[in-house]
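Good morning, everyone. Please bring up the structure on your screens, and then we'll walk through some side chains together.

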Amino acid sequence: STMTGGTSLRLDAVDPDGTPVVSARSLIVRPVQQAALDGTQRGRQNALFRLDWAAVAAERSAAPLDLALLGAGRAHPDLAALEQALAEGAEAPQAVVATIDSPADAADPAEAARVTAVRALELVQRWLASERLGDARLVVATRGAVAVGEESPDVAQSPVWGLVHSAQSEHPGRFVLVDVDGSDGDGEPDWNAALATDEPQLAVRKGELLAPRLMRAETAAPGAGWSPNPDGTVLITGGTGGLGARFAKHLAERHGTRHLLLVSRRGPAAEGVAELV
């Protein structure tokens with residue numbers, strides 16, 4: 001950089017090989033009043049959002065859809081059976097509902113989550129490979145995969161939402177996620193009503209259709225600050241790395257935090273751990 005005046009400079013940047021990356025003929029620096037900075041801080045108080053669930057309604061004029069339900073005791077036990085029926089001349093449905101069940105005999109929650117995710121992945125891959133169902137929507141139904149209100153999600157079901165959400169981004173209009181709470185007993189939710197909302201993700205709670213929405217989160221008043229509970233335990237992921245280690249020292253020295261749990265991929269083998277403990 002080269003100064004071209006009292007408050008301006010010319011900026012030229014290159015990469016390690018000397019290739020120009022950016023060039024600014026004139027970069028002017030001006031003083032700023034503290035009041036202007038305080039105003040930006042006030043704006044940041046409204047910049048934090050949280051996920052909430054809002055009730056949605058289906059269009060009253062929506063016509064019933066031709067649905068195919070997959071699963072035990074239904075017309076088609078799985079997607080392969082439906083494809084076989086289509087190959088034999090059956091008419092393709094407008095939407096297909098497939099419920100992803102968690103294994104009942106899994107040794108632990110992690111194993112249950114892995115098996116459930118594999119089932120969902122195989123279903124998604126087969127669905128996308130099916131030419132006869134190319135114009136239909138696949139409703140992937142889960143049970144307790146997402147938390148609404150004070151609920152705790154089922155960790156074995158939650159990965160399905162992450163996987164199918166990615167598929168929705170790559171293939172718009174092909175997938176719908178619906179999470180049910182089982183309040184209907186062995187009955188079925190109103191799939192036509194759910195699809196008529198045209199929402200990509202829904203939760204059904206006590207028969208009510210809910211869709212995820214971003215809502216402004218409540219934040220502390222400007223200047224209120226934050227300090228951890230000195231008697232609690234602070235978990236720092238990546239805590240043995242450069243930034244994590246500095247943050248841990250900051251909490252201990254400036255906030256009096258007595259209990260710190262530092263986790264990282266290398267654990268005790270990470271460089272500098274001895275100085276932190």
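Start with R213 and E199. Their side chains form a salt bridge, with N and O 2.7 Å apart. Keep in mind that this is a predicted model. Now look at where the two partners sit. R213 is in strand β10, while E199 is in the loop between α5 and β9. They are 14 residues apart, so the pair links distant parts of the chain. E199 is buried, at 17%. The cut-off for buried is under 20%.

Next pair: R126 and E83. Here too the side chains meet in a salt bridge, 2.7 Å from N to O. What does this pair tie together? R126 belongs to helix α3, residues 109-129. E83 belongs to helix α2, residues 79-87. So the bridge ties together parts that lie 43 residues apart in sequence. R126 has 41% relative accessibility and counts as partly exposed. E83 has 15% and counts as buried.

D12 is partly exposed, with a relative accessible area of 43%. R10 is partly exposed too, at 33% relative accessibility.

How many salt bridges does a search of the whole structure find? Eight.

Go back to strand β10, residues 208-216. L214 is in that strand. L214 is exposed, because its relative accessible area is 64%, and the cut-off for exposed is over 50%.

Last stop: residues 232-275. The UniProt record, an unreviewed entry, places the feature "domain: Ketoreductase (KR)" there. What is the chain like over that stretch? It is 36% helix and 23% strand. The C-alpha atoms at its ends are 22 Å apart.

One recap before we stop.

Terms used:
Residues numbered from 1 in each chain as written. Predicted model: local features only at pLDDT ≥ 70, side-chain atom pairs only at ≥ 80, totals over all residues. Heavy atoms only, no water. UniProt positions renumbered as here; feature names shortened; annotations may be inferred. Helix = DSSP H or I, 4+ residues; strand = E, 2+ residues; numbered from the N terminus. Buried < 20%, exposed > 50% of the residue type's maximum accessible area, 1.4 Å probe, protein only. Salt bridge = Lys/Arg side-chain N within 4 Å of Asp/Glu carboxyl O.
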